[in-house]
Amino acid sequence: LLALLSLPAAFPFLGGNLPRTNDIATHVFRAFELEQLLRAGVLLPRWGPQLVHGYGYPIFNYFPYLPHYFITLTHMASGVDYLWAYRLVAVGVTFVAGWGAYLCAGDLFGDESAGLLAAVGYVYCPYLLMTANVRGGLPESVALAVLPFALWAWARAARGERTFVLWGGVAYSVIILSHNGSALQLSPLLLAYALWRGRELVAAALGRVSAAAGLGLGLAAVYWLPALLELDFAQVAA
């Protein structure tokens with residue numbers, strides 16, 4: 001039912017022309033470059049040698065590229081062209097966002113109907129629709145789709161379910177590896193929500209949430225650690 005209700009939100013990517021967004025072409029080009037590097041045996045690239053008219057560009061060192069992996073692997077596994085690979089990933093992100101919101105709200109309110117209502121509301125959130133259909137911000141769309149899973153897992157971990165420390169760490173790492181700006185903005189929200197859900201034993205909750213955050217940072221260190229160490233070699237000011 002949730003997938004059926006989410007279909008209209010994904011409809012622009014199911015056929016016809018792609019939405020004329022700001023960034024789709026950029027992400028498709030980077031995904032294509034990533035495929036060339038993967039085929040050359042570079043699994044965790046930092047430099048895109050064919051970008052910027054062949055002069056090369058260290059985009060993979062400073063911009064998280066997990067969503068580009070999704071496009072590239074969808075293309076390589078299915079054989080569809082890159083634009084259709086982008087479409088399939090965008091549709092999948094829409095469904096994942098709804099599923100995460102369903103789990104998070106269902107856990108919060110203890111009711112499946114509330115979870116379904118929250119999921120539909122999240123899928124049709126104007127900002128999510130604008131990011132997907134106007135900005136073409138797939139990395140941010142992925143991060144926001146995973147946010148409800150992270151909220152759900154961190155809350156469960158804060159309440160003493162140790163298995164969710166692992167899942168909370170994985171979800172947090174996906175946010176970091178998808179869109180670092182979102183990770184910075186969403187981290188205080190994740191912490192506040194988890195501590196509120198575990199408010200009966202705040203000290204213990206803080207310990208488990210810190211473990212989830214530390215695990216997420218550790219899993220994503222392959223991206224953020226080189227970027228921080230080499231920040232002096234890049235111009236990051238607007």
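Leu7 lies in helix H1, which spans residues 2-10. Helices here are DSSP runs of H or I, at least four residues long, numbered from the N terminus. This is a predicted model: local features need pLDDT of at least 70, side-chain atom pairs count only at pLDDT 80 or more, and totals for chains, interfaces and linings use all residues. Residues are numbered from 1 along each chain as its sequence is written, and side-chain values use heavy atoms, leaving out hydrogens and water.

Leu7 has 35% relative accessibility, so it counts as partly exposed (between the limits of under 20% for buried and over 50% for exposed, with a 1.4 Å probe and protein chains only).

## The largest pocket

The largest pocket has a volume of about 310 Å³. Among its 14 lining residues, Ile176, Asn180, Leu184, Tyr223 and Trp224 are the closest to its centre. Lining residues have an atom within 4 Å of a point on a 1 Å grid; a pocket is an open set of points with protein on both sides within 12 Å along at least five of seven lines. The volume is the space filled by probe spheres set on the points.

Helices H9 (163-178), H10 (180-197) and H12 (221-229) each supply at least two residues of this lining.

## The largest cavity

A cavity is a set of grid points where a 1.4 Å probe fits but cannot get out. The largest cavity holds about 200 Å³ of space. Of its 15 lining residues, Val93, Thr94, Leu128, Ala132 and Ser141 lie nearest its centre. H5 gives the largest share of the lining, 5 residues.
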